[in-house]
Amino acid sequence: MSKSKQEPKVPITPPEQWVQQYGDYLYGFAMSRLRNPEAASDCVQDTFLAGIKALERFDGSRDIKFWLRGIMRNKIVDQIRKSVKENQVDIEKEDEALLESFWFKYSGIATTNPDPWEFNPRKFYDNGEFWKVFEHCIDQVKNPARQAFVLRVLEDQTTEEVCKVMDINPNYLWVLLHRARGQLKTLLEQNWLNSDDK
Amino acid sequence: MLTCKQVSNALSKEDYEKLPPLRRFFLKLHVKLCVFCGKFNRQVMETQDMCRCYREREEELNEERPKLDEDKKEELRKLLIAQSQDKTG
């Protein structure tokens, strides 16, 4: 009875073939989040090793590729934690003024008057080229705002978790995300409006 | 009705998609009515929306992302063989 329960629904690729089959896939994701080739390949290695250890617990409910991608989420967080430890996040002067302002303390709103978009990004959601430019723009957002953005928005970590990893308080995380959004918007306007693919 | 602070807290600290429907309704209502929150929170929601679309397309984008170095692949392959033999043996 329990035998059929344990039978995996999808075939398990043996670890010897993982590099061949999922190496590039995982590395691509790691690079998009970490931007650093060395950290990204460490991340892939850690993911594979953790995968071998946890293979008994693989339930076969989805492709092993996505299962490994799930494991890699934690490894990406670990790599960012490591990089933050080496390069501590200090609150910049400009951000400090914002955090201390009466308005921010009262409302939690970083700015009531963000500049309107120079173009409507929604129009291009179906355009593959737009997303390539979008990715290129995320790459250029400056740390630590980028790291906060990757953890919170792209890797779906909770606020508490991101604050712990980056050793910052929730208010500052909010300011960093605000900075990331602002930079991303400016970069998109520069890069997309000047591209020939639109 | 929610206060500005509650709205920005909800947008910054909680997962907007996972909020209970009633809370989400009041959140949207506030953002629509409030002069202060309106513009800012619309921007936040826009970015969230954009990132959701981006993530849906990532599998496709991943094919053009950088590839793992061949030497590193070989090194990893050997490591994985050794590790999985260790485990079974």
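Predicted model: local features only at pLDDT ≥ 70, side-chain atom pairs only at ≥ 80, totals over all residues.
Residues are numbered from 1 along each chain as its sequence is written, and chains are lettered from A and ligands numbered from 1 in the order in which they are written.

Let me start with chain A as a whole. Chain A has ten helices and zero strands, where helices (H or I, at least four residues) and strands (E, at least two) are DSSP runs numbered from the N terminus. Along its principal axes, the C-alpha trace of chain A spans about 65 × 40 × 35 Å. Of the 198 residues in chain A, 36% count as buried, a term for residues with 20 or more other C-beta atoms within 10 Å of their own, with exposed meaning 12 or fewer, partly exposed in between, and the C-beta atoms placed from the backbone.

Chain A is divided into domain 1 (2–86) and domain 2 (93–193), with bounds that come from an automatic or database domain assignment. The centres of these two domains of chain A, taken over C-alpha atoms, are separated by 27 Å. Nine residues of domain 1 of chain A are in contact with eleven of domain 2, and contact here means that the C-beta atoms of two residues, placed from the backbone, lie within 7 Å. On the domain 1 side, α4(A) gives the most, with six residues.

Helix α2 (residues 18–34) of chain A and helix α4 (residues 64–86) of chain A pack at an angle of about 35 degrees, with their axes 10 Å apart; the axes are lines fitted to C-alpha atoms over the stretch in contact, and angles run from 0 to 180 degrees between N-to-C directions. Among the residues that meet there are A:L26 and A:A30 in α2(A), and A:L68 and A:M72 in α4(A).

Which residues have the most contacts inside the largest nonpolar core? They are A:L26, A:A30, A:A148 and A:L173, in a core of 63 residues, where a nonpolar core is a set of buried Ala, Val, Leu, Ile, Met, Phe, Trp, Tyr and Cys residues joined through C-beta atoms within 7 Å. This core draws at least three residues from each of domain 1 and domain 2 of chain A. Not counting residues up to four places away in sequence, A:A148 touches A:V162, A:M166, A:L173, A:L176, A:L177 and A:A180.

A:E155 lies in the loop between α8 (145–154) and α9 (159–166) of chain A, and A:E155 counts as partly exposed because it has 19 C-beta neighbours inside 10 Å. Leaving aside neighbours within four places in sequence, A:E155 is in contact with A:R33, A:R73, A:I76, A:V77 and A:V150. The C-alpha atoms of A:E155 and A:N74, which are 81 residues apart along the chain, are separated by 9.1 Å.

Finally, the second chain. In the contact between chains, 34 residues of chain B meet 40 residues of chain A, and the largest share of the chain B side, twelve residues, comes from α3(B).
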